[in-house]
Amino acid sequence: MHYMVVGHVYCDTCRVEFETKLSEPISGAVVKLECRNRTNEAITFQSPEIVADSHGDYHIIVEGDYEESDCDIALVRSPRADCSDPTEAWRKSRVVLTTFDGLSNKLRFANNLGFKKDIALPQCTRILKEMGYYELSQEDGDFELSQEDGDFTHSSEL
C-alpha cells in the first residue's frame, strides 16, 4: 500500500496558535514523518526531512500499512529567523496510515503546522477584532485572547 501525506506549514504572524488571513506560508520549512509502534514505542517508519515548496506545502510518499503505529508529522525547522518558534498546538499532526480504519483513499491530509513569528504584526489587533476576538494584553509579542460571546475567559476572570 502507498499513501501520500500532504500538508502545509505557515508562519503564525499574530502569535495566536491558529491561522488568520495574515498567516504566511513558509517556503523551505522542514517537516518529518515518524511512526511508532503503540506497544513498545519502536520506530516503524521515518521519512527523510521534507522541504515545503514555495507555497508552504509538502507531500510525503509512504509505503506500507501502519495499523499498529501512531504516525505524526512534526516541524523540524524554519528557514525564517523571524518565524522559527514552533507553535505549541500545531508543531505536530497525527495521520492515520492504514486501510483498517475504514478509509480507502490513499491521500491523507495532515493538519496545518505553524511556527510563531517573533513579534506579532501590528495589524493583528484589527484582524482579531474582525474575527470576534479582542486583545487582553500583548506581553512578549503574544496576544492573549478572549471572545465577547463568552466562549473564552474575560480578563477580569483570569
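Which residue forms a salt bridge with Arg-77? I looked it up, keeping in mind that this is a predicted model. The partner is Glu-49, and the closest N and O atoms of the two are 2.8 Å apart. Glu-49 sits in the loop between β4 (43–46) and β5 (50–51) and Arg-77 in strand β7 (residues 69–77), so the pair ties together parts that are 28 residues apart in sequence. I noted Glu-49 as partly exposed, with a relative accessible area of 40%. Arg-77 is also partly exposed, at 42%.

**Other salt bridges**

I searched the whole structure and found eleven salt bridges. One of them joins the side chains of Glu-130 and Lys-21, at 3.3 Å from N to O. Glu-130 belongs to helix α1 (residues 124–130) and Lys-21 to the loop between β1 and β2 (24–25), so this contact ties together parts that are 109 residues apart in sequence. Lys-21 is exposed, with a relative accessible area of 64%, while Glu-130 counts as partly exposed at 49%.

Next I checked Asp-82, which forms a salt bridge with Lys-117; their closest N and O atoms are 2.5 Å apart. Asp-82 is in the loop between β7 and β8 (85–86) and Lys-117 in the loop between β11 (113–116) and α1, so the pair ties together parts that are 35 residues apart in sequence. Is Lys-117 buried or exposed? It counts as buried, because its relative accessibility is 13% and the cut-off for buried is under 20%. Asp-82 is partly exposed, at 29%. I also recorded that Glu-24, Arg-80, Asp-82 and Lys-117 are linked in a network of salt bridges.

**Disulfides**

How many disulfides are there? I counted three.

Cys-11 is joined to Cys-83, with an S to S distance of 2.1 Å. The link is right-handed, with 115 degrees about the S-S bond. Cys-11 is in strand β1 and Cys-83 in the loop between β7 and β8, so the pair ties together parts that are 72 residues apart in sequence. Both Cys-11 and Cys-83 are buried.

Cys-14 and Cys-124 form a disulfide with their sulfur atoms 2.0 Å apart. I noted this link as left-handed, with -90 degrees about the S-S bond. Cys-14 lies in the loop between β1 and β2 and Cys-124 in helix α1, 110 residues apart. Cys-14 and Cys-124 are both buried.

Cys-35 is bonded to Cys-71 at 2.1 Å, S to S. The torsion about their S-S bond is about 115 degrees, so the disulfide is right-handed. It links strand β3 (residues 30–37), which holds Cys-35, with strand β7, which holds Cys-71, 36 residues apart. Both of these cysteines are buried.

With the bonded cysteines numbered in sequence order, I wrote the pairing down as 1-5, 2-6, 3-4.

Which side chains of β6 are buried? Tyr-58, Ile-60 and Val-62 point to one face and are buried. β6 runs antiparallel to strand β1 (residues 2–12), and seven bridges join the two. Val-5 stands opposite Ile-60.

I then followed Ile-61, which is partly exposed at 49% relative accessibility. Together with Met-4, Leu-107 and Phe-109, Ile-61 makes a nonpolar surface patch of about 380 Å².

Key
Residues numbered from 1 in each chain as written. Predicted model: local features only at pLDDT ≥ 70, side-chain atom pairs only at ≥ 80, totals over all residues. Heavy atoms only, no water. Patch = residues over 30% accessible without salt bridge, like charges linked within 9 Å, V, L, I, M, F, W, Y side chains within 5 Å. Areas by Shrake-Rupley, 256 points an atom, 1.4 Å probe, with all protein chains shown as cover. Salt bridge = Lys/Arg side-chain N within 4 Å of Asp/Glu carboxyl O. Buried < 20%, exposed > 50% of the residue type's maximum accessible area, 1.4 Å probe, protein only. Helix = DSSP H or I, 4+ residues; strand = E, 2+ residues; numbered from the N terminus. Pairing = 2+ DSSP bridges. Disulfide = S-S within 2.5 Å.
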